[in-house]
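Please look over the structure below. A short report on selected features comes after it.

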Amino acid sequence: MTLNPPSLLLARNEAQFTGNVLFANPEDTFPQTLMSQANVYTWCQSKAVDEQLARVGLPDEQRHFGAEWDAGRVEAFDHVIIYQPKAKELLDYLLAATLPHLKQGGQLWLVGDNKSGVKSSVKRLTAPLEEVGKVDSAKHCLLFNGYLRGEAKPFALNDWVTRWQEDVAGQSFTLCSIPGVFGHGKLDKGTALLLEQLEQHRFMSDVAHARLLDFGCGDGVISMWLHKRTGANISALDDSALALKATELTFAANDASEVLTLVPSNGLSEVKGRFNYVITNPPFHTGISTDYSIAERFFIDVKKHLTLNGELFVVANDFLRYPPLIDAALGKHQTLNKGRGFAVYHARQQKP
C-alpha cells in the first residue's frame, strides 16, 4: 500500500526504531514494515487503519483499537511514535496516554505534515521529555523527538472527559466527550438543525420498537436525543474508538447503557441487518477537499441496510453535492430544511 508523506519521512529514519515500538494514531501501514527489526505495536483510534494493518499481516496481539492503550499487551516501550493529529488537544491526550508506557531514556517521536501544525506542536513536548528537537524534514513534513528523563503521570481517562448539560430540540441530557471527537465539548450547528427538524417530523410519534442507526455517532448527541425522544434502542456506529467511548460515556451518564449497541465500523462494513431509520451527520467532508466517493459509497450501501419504506435523514454543509448521490441510490429525496450553512435531506427506501 502507498505510504503517506509522514510515513515516508519515518522510513528515512527507520534504522533508529528497534526494540519495543508503539505507534499511536498511525495513518497507514508503515508500522508493519518494521516487523523484521522491532517488536511493533499499534494503538489505532481509527477502525479503518486498524483493518489496513490487519490485512498486511500485523498480528491481532500487536494491534489495539480503543480509546486508550491496553497496557496488558506491553508495559514499556523503547520508542513511541505519534502521528500529528488534526486536533492539538488530541495530541495532549495521546502524549498523556503513552508517556507512562515509555521506558526511562526511551524516545518519543512526533511526525506530521507541515500543514498539520506539527511545527508549533513541538512546544507541547515538555517535561518529563527532555532534549527535544528536530530530527529530519522532507516531503513537506517534520520529525521531532525527545527523551523521557522523568516520571510520567499515570493516565486516567476520566481526567480527559468533558461533561455538560445539553438542551436541544425539546430534550435535556448530559453529554460526554473526549479529545479527538467531532464537535468536542459543544453542539455542532448542523446536528442542532437536524434534531430540530426531527422533533417536528411525524415519524417520531411511533418508533419505540423500530431499529434506529446513528451513523457517525461522535459524542452520542444524536443517539441520546433519539432515545430520549422515542424510548427506542439505538445502534451507534463510528470509525473512531474515541467517539464510541464518548457515546458509551454519554449513555452511562444518562443511565441508559442498556439501550445502546456500539458498532465499530469503517463505513457500513460491520453493520448487520436492516434499519427502519438511519440518521447521520456524516463525517465525509474534511477541510478544503471533499472525497465524494466516500459519500457515494455510503448512500449506495445504506440502501442495503434500510427496510422497505425505511428512512434516511442526513444533515450536511449545504454546498456539498449530496442530493444527486442520494437520488442515484434511493430514487429521490426531499430537502426538509436549510439554515446556518447546512441542509437536512430525507429519503425513503422504495420498492425495487
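## Model and conventions

This is a predicted model, in which local features need pLDDT of at least 70, side-chain atom pairs count only at pLDDT 80 or more, and totals for chains, interfaces and linings use all residues. Residues are numbered from 1 along each chain as its sequence is written, and side-chain values use heavy atoms, with hydrogens and water left out.

## Helix α1

Helix α1 spans residues 5-12, and P6, S7, L9 and L10 in it are buried. Buried means under 20% relative accessible area, with a 1.4 Å probe and protein chains only. Helices are DSSP runs of H or I with at least four residues; strands are runs of E with at least two; both are numbered from the N terminus.

The buried residues of α1 pack against β1 (19-24), β4 (77-83), β5, β6 (129-138) and β7 (141-148). Contact means heavy atoms within 4.5 Å.

## Loop residue H101

H101 sits in the loop between α3 (88-98) and β5 (102-113). H101 counts as buried because its relative accessibility is 11%. Not counting residues up to four places away in sequence, H101 touches W69, A71, E75, A76 and F77. From H101 to T126 is 25 residues in sequence and 16 Å in space, C-alpha to C-alpha.

## Cysteines

The whole structure has zero disulfides. A disulfide is a pair of cysteine sulfur atoms within 2.5 Å. C44 is in no disulfide, and its nearest cysteine sulfur, that of C217, is 18 Å away. C44 counts as buried, at 1% relative accessibility.

The sulfur of C141 is 19 Å from the closest cysteine sulfur, in C44, so the two are too far apart for a bond. C141 also counts as buried, at 2% relative accessibility.

## Cavity

The whole structure holds one cavity of 30 Å³ or more. Among the 13 residues that line the largest cavity, the closest to its centre are F182, T191, C217, D219 and V221. The largest cavity contains about 100 Å³ of space.

A cavity is a set of points on a 1 Å grid over the protein atoms alone where a 1.4 Å probe fits but cannot get out; lining residues have an atom within 4 Å of a point. Grid points are joined across faces, edges and corners, and a volume is the space filled by probe spheres set on the points.

How values were computed:
Buried < 20%, exposed > 50% of the residue type's maximum accessible area, 1.4 Å probe, protein only. 1 Å grid on protein atoms, 1.4 Å probe; cavity = no way out; pocket = protein on both sides within 12 Å on 5 of 7 lines; lining within 4 Å.
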